[in-house]
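Please read the following explanation alongside the sequence and the coordinates.

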Amino acid sequence: MFSSADHAYMAQALRLAERGMFSASPNPRVGCVVVQAERIIGSGWHKRAGQPHAEVNALNAAGLAARGATVYVTLEPCSHYGLTPPCVEALKHAGIAKVVIAMEDPNPLVSGKGCALLRRSGIDVQSGLLGAEARALNIGFVNRMLNKRPWIRLKIAASLDGKTALNNGVSQWITGKAARQDGHRWRARSCAILTGIGTVKADDPRLTVREINTARQPLKVVVDRHLETPVDAKLLFGENVLIFTADENVKKADVLRRKGAQVIGLPDGLGKVDLVKMMHKLADFGINELLVEAGNKLNGALVRENLIDELVIFLAPHLLGERAMGLIDLPELTSLDQKSSLEIQDLRMIGQDIRIIAKFSCDYSAP
């Protein structure tokens, strides 16, 4: 159905979409090329919410030469008015003859409607070219649209014997500089970073992107059941702080709000934060990809609630010993049949450290 040239043009559109990796959120990452007489005459990508979409940028680059051309776009063109006019109208106005789409938009406001309107206007529409690659690029957006929660990655830095900190809490730095830089890339592509109050009190993290250039900083999210976040915590300096709590102490909440944090009470009835409802709330905030950088207790709670979609684990060539802290706090097993099985998606060296990307074999959350 699709030629080698079709694949090449869509691959170029995907590379363009990747340029919005750190900036397009909460919108999807989308790239587009306009082809006339086997030559790319215009290209573009979606840079930031509220700015023109990829199709409009590509059509503007092509100009009048776009009439009768073929457009390759990584996501179904939008058909509704949001912060910008619908791309379907721009394609029709430009006189495009054919549109090749990698994947349909999972957003209920668009899903299938964009393709239908284009066909109704006499434009030839084909879809499904490099769809898996387009889906992977926007896994968080897809998950938020279909499952009403972000795509949740659990990032852990550990020794080769699976320890994340010494028994006295010291954890900096287990991994090397290259691995830490790679960790900041995962931060930069995420809409939010989640940690727990234990990590805040022990490490006083900033939860910011520092090792690479980025156009925006992710939202900082803290699970703090008793509102114990210190008023001088580093993460409170700057904007975009969200604290989920089970504590109804208004005075404590007001102190943190005066520091610029947004405090949301979300008790589960057992004195803890309702983690499932928290993820749905984060989806309401437009969070597509959530990166968890927490201690073993919160890590374990999230795994037990089936809330982890993907693990990114950095293993350093060190041994910290049996008394050091582990990766994930899970209940004791009495049979190997109870083990959690993982599928390795990627395995590579990052400097002197090993990076493992894995998913649970029973992928309960994949969109």
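Helix H2 passes helix H3 in a left-handed crossing. The model is a predicted one. H2 covers residues 54-62 and H3 covers residues 87-94, and their axes come within 9 Å of each other, crossing at roughly 20 degrees. Angles under 35 degrees count as roughly parallel, and H2 and H3 are therefore roughly parallel to each other.

Which residues in H2 and H3 meet? From H2 there are Glu55, Val56 and Leu59, and from H3 there are Cys87, Ala90, Leu91 and Ala94. Sorted by class, the contact of H2 with H3 consists of six nonpolar residues, no polar ones and one charged one. Glu counts as charged, whereas Ala, Val, Leu and Cys count as nonpolar.

One of the H2 residues in this contact is Val56. With residues up to four places away in sequence not counted, Val56 touches Cys87 and Ala90. Is Val56 buried, exposed or partly exposed? Its relative accessibility is 22%, so Val56 counts as partly exposed; the cut-off for buried is under 20%. Val56 and Pro86 are 30 residues apart in sequence, with 9.5 Å between their C-alpha atoms.

How many disulfides does the count come to? A disulfide requires two cysteine sulfur atoms within 2.5 Å, and by this rule the count is zero. For Cys32, the closest cysteine sulfur is the one in Cys87, at 8.5 Å, which is too far for a bond. Cys115 is in no disulfide either, as the nearest cysteine sulfur, that of Cys78, is 12 Å away. Cys32 is buried, with a relative accessible area of 1%. Cys115 also counts as buried, at 1% relative accessibility.

Cys115 lies in helix H4, which spans residues 113-120. Apart from neighbours within four places in sequence, Cys115 is in contact with Glu76, Ile101, Glu104 and Val125. Between Cys115 and Ile243 there are 128 residues of separation in sequence and 41 Å in space, taken from C-alpha to C-alpha.

Next comes a strand residue. Val33 is placed in strand E1 and is buried, its relative accessible area being 0%. Where sequence neighbours within four places are left aside, Val33 is in contact with Tyr9, Gln12, Ala13, Leu16, Ile40, Gly42, Ser43, Thr70, Val71 and Tyr72. One of these contacts, Ala13, is 20 residues from Val33 along the chain, and their C-alpha atoms are separated by 5.8 Å. Helix H1 is made up of residues 4-17 and strand E1 of residues 31-36.

The loop between H1 and E1 holds Ala24. Is Ala24 buried or exposed? At 0% relative accessibility, Ala24 counts as buried. Its contacts, leaving aside neighbours within four places in sequence, are Arg29, His46, Lys47, Arg48 and Ala49. Ala179 is 155 residues away from Ala24 along the chain, and the C-alpha atoms of the two are separated by 25 Å.

Most residues other than glycine have a negative phi, and most peptide bonds are trans.

Which residues does a cis peptide bond join? The pair is Ser25 and Pro26, with omega at about 10 degrees. Pro26 is found in the loop between H1 and E1, the loop in which Ala24 has its place.

Positive phi values are found at Leu207 and Leu227. Leu207 has a phi near 60 degrees, positive although the residue is not glycine. Leu207 is in the loop between helix H8, residues 197-203, and strand E9, residues 219-223. With a relative accessible area of 2%, Leu207 is buried. For Leu227, also a residue other than glycine, phi is near 55 degrees. The place of Leu227 is in the loop between E9 and strand E10, the latter made up of residues 241-245. Leu227 is buried too, with a relative accessible area of 6%.

Technical notes: Residues numbered from 1 in each chain as written. Predicted model: local features only at pLDDT ≥ 70, side-chain atom pairs only at ≥ 80, totals over all residues. Heavy atoms only, no water. Buried < 20%, exposed > 50% of the residue type's maximum accessible area, 1.4 Å probe, protein only. Axes fitted to C-alpha atoms, helices over the stretch in contact; angles between N-to-C directions. Helix = DSSP H or I, 4+ residues; strand = E, 2+ residues; numbered from the N terminus. Parallel < 35°, antiparallel > 145°, perpendicular 65-115°, else oblique. Left-handed = near helix turned anticlockwise from the far one by under 90°. Contact = heavy atoms within 4.5 Å.
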